[in-house]
Structures are given as structure tokens and as C-alpha cells.
Amino acid sequence: MQLYEPKSQLGAVLDFCRGNPGFTLSIAYVLLTLCGIFYSDGFYSEFSIPYLKLAETSDLLIVGIGEPASLLMFAGALLLALAFDYMSVWSFNKRKQWAQQPVTWRVKMHKVLFYLPKYRESVIAWIVLIFVIYTFLFVGLYANWQANRVKSGLGNSVLVTANENQGEQSFMLLGSTANYVFLYSQAQQQASILPVQSLSLMKPADSLNTQPQQQQRSE
């Protein structure tokens, strides 16, 4: 293992990425997809929906691009990793300054506060660990917040007509996969999983409110 040097580790990673753009895009896409999968599984679990068991491979491949939360998660994790990288350089320099002074309780305290792993691989491992911890924390907190918004009525309201029903029913649209649509009923406080083939019509509930306004404008 190599001894840690006071320089940005992410800078070396960026230099490697500039020299290997194809490999970089592939890794970035995989990480973004994983962020989307983590968020989707956390969000739907708030409604007791087993998303990973119902999703197809094609759904998982586009979940990172189609879900804005995964983009926020990915960008936030990168910023946090970058901040830790620069803090490591700053901590190394501060610890070096205190190491040159006579040993006192104050010097010992600052050495503890500005502790840094001795080897470069250990610092990189800490950066990866922070990335993973942030991702899981973001998943739990943001997914719970989004689920509470939907349960309180803040979301996409739709009118659904199924083949076995005669009339329309109002639901909150949670999302969908290639084969299933996930809905939430505020009246029953329960989520529903409907096969796509069972739906004859689904339209935004707001469309009913906009039609009279359009007619009044035309008159």
C-alpha cells in the first residue's frame, strides 16, 4: 500500500476519466442506475410494493435517468466525496504543523481531531464508504418524505377506468413498470398494483378542471 500524500485523490480519478471517456460513461451510468434502483425500492417499500420483484430489466436500466431523485442523490454523493477529499488534504497539512510542536495535551488533542489514515488506499476506502452511507441516508429520508407527500394528496392525481369497472376511480399515481401501474387511494389509504392490460383508460384528474375554463375562454 502507498503512503498518503496531501493531494486530491479525486483529481487523480478525474485525470483517469479524461483519458478513458468510454469507461467513465459506463461507470457513471451504472452508479446512476444503482441510485435510481435504491430510491425506487425505498419509495415503493413505503407503500408495501415489492418493486424489484415486479420490475423488468428494461425498467431497471432506465430508472436512474427517469427518476430525478437519483440525479440529486448521485450529484450530492459526488459533492460530499469531493468535500471529504479536500478536507483530507487540509487535515493532513494541519496535523503536520502540530506534529512539529512540543508534545502537550493540546497537541495530542489536535492530532486526534485531525486524524487521517496513513495509507492512500484507506483514504479512498473512506471516500467510497461516505458515498455509500450518504446514498442510503438519502434514500431513506427522501423516499419517506415523498411518500408522505403522496399520502397527503400532493402528487399526480389520475382517473382510472379498469376493464372490470364501469366508472372512473380517482387515485394518486405512484409510478409504473412495463407490466404494472402503481396507484394509491387516499380514501382507502392503500396502494394498488394493476396490470397494464387491465386498464382501459387513465387520464389526469386535472383535465376535468381545465376543460370548463377552456370552454369559457372560447365563448
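Gln 189 sits out in the open, with a relative accessible area of 64%, which makes it exposed. You'll find Gln 189 in the loop between strand 3 (180–185) and strand 4 (190–195). Its backbone is worth a look in this predicted model: Gln 189 has a positive phi of about 50°, although it is not a glycine.

Ser 48 is another residue to check. Ser 48 isn't a glycine either, and its phi is positive, near 60°. This one belongs to the loop between helix 2 and helix 3 (51–54). Ser 48 is exposed too, because its relative accessible area of 66% is over the 50% cut-off.

## The overall layout

Stepping back, the protein has 8 helices and 5 strands. Walk along the sequence and you get α-α-α-α-α-α-α-β-β-β-β-β-α.

Of the 219 residues in the protein, 32% are buried. Now take the contacts with a separation of 6 or more: residues 24 or more positions apart account for 63% of them.

## The aromatic cluster

What do the rings get up to? Searching the whole structure turns up 9 aromatic pairs. One of them is Tyr 39 with Phe 43, a stacked pair with 6.0 Å centre to centre and 20° between the planes. As a rule, an α-helix has 3.6 residues a turn, so residues three or four places apart point the same way.

Both partners are tucked away: Tyr 39 counts as buried at 3% relative accessibility, and Phe 43 counts as buried at 8%. Tyr 39 also pairs with Tyr 142; the ring centres are 5.6 Å apart and the planes are at 50°, so this pair is tilted. Since Tyr 39 lies in helix 2 and Tyr 142 in helix 7, the pair ties together parts that are 103 residues apart in sequence.

Ring pairs carry on from there and link a whole cluster: Tyr 39, Phe 43, Tyr 44, Phe 47, Tyr 51, Tyr 142, Trp 145, Phe 182 and Tyr 184.

## The second largest pocket

Some of those aromatic residues turn up again here. The second largest pocket holds about 440 Å³ of space. Its lining is made of 19 residues, and the ones nearest the centre are Phe 43, Tyr 44, Gly 66, Glu 67 and Leu 174. Helix 2 (21–45), helix 4 (57–66), helix 7 (120–151) and strand 2 (169–176) are the elements that give two or more residues to this lining.

What is the lining like by class? There are 10 nonpolar residues, 6 polar ones and 3 charged ones.

Helix 4 has a buried side and an exposed one. Its buried residues are Asp 59, Val 63 and Gly 64. They cover an arc of only 135° around the axis, which puts them on the same side of helix 4.

Which residues are exposed on the other side of helix 4? Those are Thr 57, Ile 62, Ile 65 and Gly 66. Gly 66 is also among the residues nearest the centre of the second largest pocket.

Ala 77 is found in helix 5 (residues 68–99). Ala 77 is buried because its relative accessible area is 0%, and buried means under 20%.

Leaving out residues up to four places away in sequence, Ala 77 touches Phe 131, Tyr 134 and Thr 135. Take Phe 131: it is 54 residues from Ala 77 along the chain, yet their C-alpha atoms are separated by 5.3 Å.

## Thr 161 on strand 1

Over on the strands, Thr 161 lies in strand 1 (residues 156–162). Buried or exposed? With a relative accessible area of 13%, Thr 161 is buried.

Its contacts, again setting aside residues up to four places away in sequence, are Gly 167, Glu 168, Leu 199, Ser 200 and Leu 201.

How values were computed. Residues are numbered from 1 along each chain as its sequence is written. This is a predicted model: local features need pLDDT of at least 70, side-chain atom pairs count only at pLDDT 80 or more; totals for chains, interfaces and linings use all residues. Side-chain values use heavy atoms; hydrogens and water are left out. Helices (H or I, at least four residues) and strands (E, at least two) are DSSP runs, numbered from the N terminus. Buried means under 20% relative accessible area, exposed over 50%, partly exposed in between (1.4 Å probe, protein chains only). Contact means heavy atoms within 4.5 Å. On a 1 Å grid over the protein atoms alone, a cavity is a set of points where a 1.4 Å probe fits but cannot get out, and a pocket is an open set with protein on both sides within 12 Å along at least five of seven lines; lining residues have an atom within 4 Å of a point. Grid points are joined across faces, edges and corners, and a volume is the space filled by probe spheres set on the points. Ala, Val, Leu, Ile, Met, Phe, Trp, Tyr, Cys and Pro count as nonpolar, Asp, Glu, Lys and Arg as charged, and the others, Gly among them, as polar. The arc is that of the directions from the helix axis to the C-beta atoms. Rings of Phe, Tyr and Trp (its six-membered ring) pair if their centres lie within 6.5 Å; planes under 30 degrees apart count as stacked, over 60 as edge-to-face and the rest as tilted.
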